[in-house]
Every structure is written in C-alpha cells, then in structure tokens.
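This report describes one protein chain in plain terms. Please look at the sequence and the model before reading on.

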Amino acid sequence: MSTIDQESSHSTRFRGRERALEVSVVIPCLNEAETIETCVRSALDVLDRSGIAGEIIVADNDSEDDSARLAASAGATVVHEPERGYGSAYLAGFAAARGRYILMADADLTYDFAEIPRFLAELDGGADMVVGNRMKNIHPGAMPWHHRYIGNPLLSGFLNLLFRTGVDDAHCGMRAFRRDVLPRLDLRTSGMEFASEMVIRAAKEKLVVTQFEIEYHPRGGESKLSSFRDGWRHLRFLLVHSPNHLFILPGAVMAVVGGVVELIVITRLAVFGREWDIHALIAGALLAIVGTQVVALGVCAHAYGTYFMGEKDRWFDRMRARYKLEHGLLLGGGIAVTGIVIGIFIVVDWIDHGFGALADERLAVLAATLIIVGIQVFFSSFLLSILGLRRRDQSSRYVS
C-alpha cells in the first residue's frame with residue numbers, strides 16, 4: 001500500500017492558488033539519488049517561469065538510497081510505493097495526483113522538463129493523451145543501438161500493426177493525459193509493459209492521441225531496464241491483449257489447412273503428381289483438431305477480456321449478439337453426430353466382413369476428427385456461457 005509524505009511548502013503554495021491545479025508532474029523513482037533532486041527542481045522551475053499551477057509528485061519505488069529525502073527537500077510530494085515495478089510506481093503517483101492534467105517523465109534526466117508547456121498546449125487543444133517521439137532526436141550515447149534500431153522500432157511497429165494506434169514511439173517515457181480519462185484507461189500492469197498498456201488502452205477507448213518530437217538525453221545514474229526481459233514482457237503483453245492474432249488467426253489457418261488436407265486424402269485427389277495417403281490424413285486431422293481448440297481458446301479470451309477487463313471488441317460483440325449457447329451446442333452436436341454416424345457405418349461394415357482387417361482407415365480418421373472437433377465446440381460453448389454469467393449478473397443489478 002502506498003503512502004504519501006507530508007507536502008512540501010512549495011507544493012502547498014501551488015495548491016493554495018485561487019485556480020485549480022493545472023498539472024501534476026509524476027516522476028517514478030528507484031534509487032535515483034544522483035538525479036532526482038535536479039529533476040524536481042527543473043520541473044518546478046519550468047512551472048514557475050511558465051506561470052503554470054502544478055505539483056511535482058515523486059513515486060518512490062522503495063528506493064534503498066536517499067532519493068525520497070532528496071526529492072522532498074527539492075519541493076516534491078513523495079509517494080512511497082513498496083511494490084517494485086515501473087507500473088506500480090506510476091499507479092501510486094496517479095492516485096495521489098490532483099491536477100487537471102498528468103504529465104509523466106523519468107527521474108534520470110533523459111527528458112527535458114522545458115517541454116511541459118508544449119504537452120499542456122496539446123491537451124488544451126483537445127487531445128486526451130500526448131506522447132513524445134524520441135526517435136529522431138536521440139543524443140549520442142542516450143540509447144543503445146539495439147534499442148534504437150531493433151527493439152523499439154520492432155515493438156512499436158508490432159503494437160501499431162495489432163492495435164493501429166498511430167504512435168511512432170510507443171515506449172517514450174514522457175507523455176501527458178487528462179486525469180479524467182484514467183477510469184477509462186483502467187491501467188493494471190506493474191512492470192515496464194505499463195507504457196504499452198497505456199497506448200493500447202487509449203486506442204481501444206478511441207481517445208484522441210497526438211504526438212510530437214522531443215529530445216532524448218543520456219541518462220544519469222544506473223539504468224534499471226533489462227533489454228531482453230522487459231522486451232519480452234512488452235511482446236507478451238501485446239500478444240495477450242490481441243486474441244485475434246494470438247489465437248483466432250493461427251487457429252483458423254490450422255483448422256482450414258487441416259480440413260483441406262483431409263478432404264484431399266478422402267477424395268483421393270492427386271496433388272503434385274501423387275496421391276496423398278494415411279500419413280497426410282493424420283497430419284490434417286491433427287491440424288484440424290488443434291486449430292479448432294486454439295480458435296475456441298481465442299473466443300474464450302475475447303469473452304474474458306470483455307466481461308472481466310472492460311475490453312471492447314466490435315467483432316466479439318456482433319458474434320455475441322447473433323449466436324447463443326444453443327447455436328454452439330447444435331453446431332458441436334451436429335459435427336460430433338456426423339462423426340459417430342460414420343463410425344457406426346465403419347463398425348457395421350467391419351462386422352459384416354467377419355471382424356477382419358479394418359479396411360476403412362481413412363474414414364476412421366475422419367470420423368475421429370469430427371467427433372473430437374464436435375466435442376470441443378460443444379463444451380467450449382458451455383464455457384463461453386459460463387463466462388457470460390458475469391455480464392448477466394451485472395445487468396441484473398441495474399434492473400433491480
């Protein structure tokens with residue numbers, strides 16, 4: 001649980017002005033004794049010179065050095081957040097913020113606080129969120145080459161491919177947003193993937209997001225970033241929040257390819273000058289079964305995101321409105337019954353031939369595939385219905 005130190009006299013003076021606080025500058029801090037004091041004083045100086053009513057909040061992430069004391073002595077309100085993590089620190093700082101706008105910046109001198117008025121001007125102009133773009137103004141030694149040319153471009157590009165955010169530098173640590181959009185963002189992550197989560201949630205909520213170029217300076221003190229671990233956390237977060245690309249599309253491709261292969265083998269079509277046999281049929285059956293299961297997992301992931309995480313997905317909403325539990329049960333039951341009928345035909349033919357060698361291996365594999373796929377669809381439909389109980393429970397509260 002986070003705690004807040006007593007406010008400094010500088011923060012109290014800003015809050016005592018007649019007009020409400022315009023901005024809360026939130027700075028996460030973990031063992032930044034070398035730079036935190038300079039950051040706080042720089043931010044306060046910009047607010048003073050620009051005539052902006054604001055406060056500086058330092059979210060101390062259980063630092064083991066003198067960072068918290070130095071920040072407070074420089075004029076910041078210090079929030080103590082014992083749970084380590086970039087996202088944890090920011091969430092604690094956001095909870096303590098009182099400004100109409102919130103501006104985020106790191107405590108390592110990589111960002112220039114003189115940019116504060118530009119960020120606020122964008123918000124005054126109607127933007128809900130403003131993100132800086134460092135990539136064209138990186139000072140020598142400020143960013144490792146593999147971050148500049150590989151990691152950040154790939155992750156930002158992948159994020160834009162999945163979510164169409166239009167943000168060129170999705171991991172820039174200097175950004176600002178309206179405090180009243182926090183409930184819509186519903187931010188949850190505790191680590192470095194917090195930066196990606198904010199951009200993704202803004203895109204899903206259709207917030208007005210703008211960007212402009214800023215400079216990125218060499219950091220002071222020791223970096224807390226782990227390139228591969230934090231890069232994987234970002235990538236994992238992107239995939240988990242895109243069930244279509246993680247589940248639906250790969251699963252659908254596998255299921256369709258598997259079905260086509262089985263059809264080719266069953267109908268004895270010649271492909272590439274030769275006829276496929278039982279081994280290709282087994283491979284096709286495996287693809288069809290696994291693909292169906294992956295698609296079912298994807299639909300369930302959509303349901304979980306919608307019912308429990310506040311996600312909004314037009315594709316899933318349309319599907320939910322048109323298809324009910326009974327549709328899934330009929331589809332799954334029909335597929336399974338078809339497989340059972342084929343199986344019965346095979347058994348009857350086997351008995352009729354005196355329990356000899358089973359000569360219908362191809363039909364047997366097809367029957368088994370249909371039965372398994374039908375069972376998957378049948379019970380996945382029940383699971384979707386169970387997940388949907390939360391939605392119905394919430395609706396009944398408002399009716400009562």
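How many helices and strands are there in the chain? There are 15 helices and ten strands. Helices (H or I, at least four residues) and strands (E, at least two) are DSSP runs, numbered from the N terminus.

## Basis of the model

The model is predicted: local features need pLDDT of at least 70, side-chain atom pairs count only at pLDDT 80 or more, and totals for chains, interfaces and linings use all residues. Residues are numbered from 1 along each chain as its sequence is written, and side-chain values use heavy atoms, with hydrogens and water left out.

## The chain as a whole

The chain has 400 residues, and 46% of them are buried. Buried means under 20% relative accessible area, exposed means over 50%, and partly exposed is in between (1.4 Å probe, protein chains only). The chain exposes about 20,300 Å², of which carbon and sulfur atoms supply 61%. Accessible areas come from the Shrake-Rupley method with a 1.4 Å probe; for residues, only the protein chains shown count as cover.

A contact means heavy atoms within 4.5 Å. Of the contacts in the chain with a separation of 6 or more, 78% are between residues 24 or more positions apart.

## Buried parts

Helix α4 covers residues 86-96, and nine of its eleven residues are buried, so α4 is largely enclosed by the rest of the structure. Its buried residues include Y86, Y90 and F94.

Is A43 buried or exposed? A43 is buried because its relative accessibility is 0%. The residue is found in helix α2 (residues 36-50). Leaving aside residues up to four places away in sequence, A43 touches I56 and F113. The C-alpha atoms of A43 and A76 are separated by 9.8 Å, and the two residues are 33 residues apart along the chain.

## Salt bridges

A salt bridge is a side-chain nitrogen of Lys or Arg within 4 Å of a carboxyl oxygen of Asp or Glu. The structure holds 15 salt bridges. One of them joins the side chains of R219 and E32, at 3.1 Å from N to O. R219 lies in the loop between β8 (209-213) and α9 (227-240), and E32 lies in the loop between β2 (23-29) and α2, so the pair ties together parts that are 187 residues apart in sequence. R219 is partly exposed, with a relative accessible area of 25%, whereas E32 is buried at 7%.

R84 and E64 form another salt bridge, with their closest N and O atoms 3.6 Å apart. This pair links distant parts of the chain, 20 residues apart: R84 is in the loop between β4 (77-80) and α4, and E64 is in the loop between β3 (54-60) and α3 (67-74). R84 is partly exposed at 39% relative accessibility, and E64 is exposed at 69%. In the salt bridge of R69 with D66, the closest N and O atoms are 2.6 Å apart. Here R69 is partly exposed at 49%, and D66 is partly exposed at 34%. Salt bridges that share partners also join E32, D108 and R219 into one network.

## Charge on the surface

Which residue of helix α12 (residues 314-322) is taken up here? R314 is found in that helix, and R314 counts as exposed because its relative accessibility is 65%.
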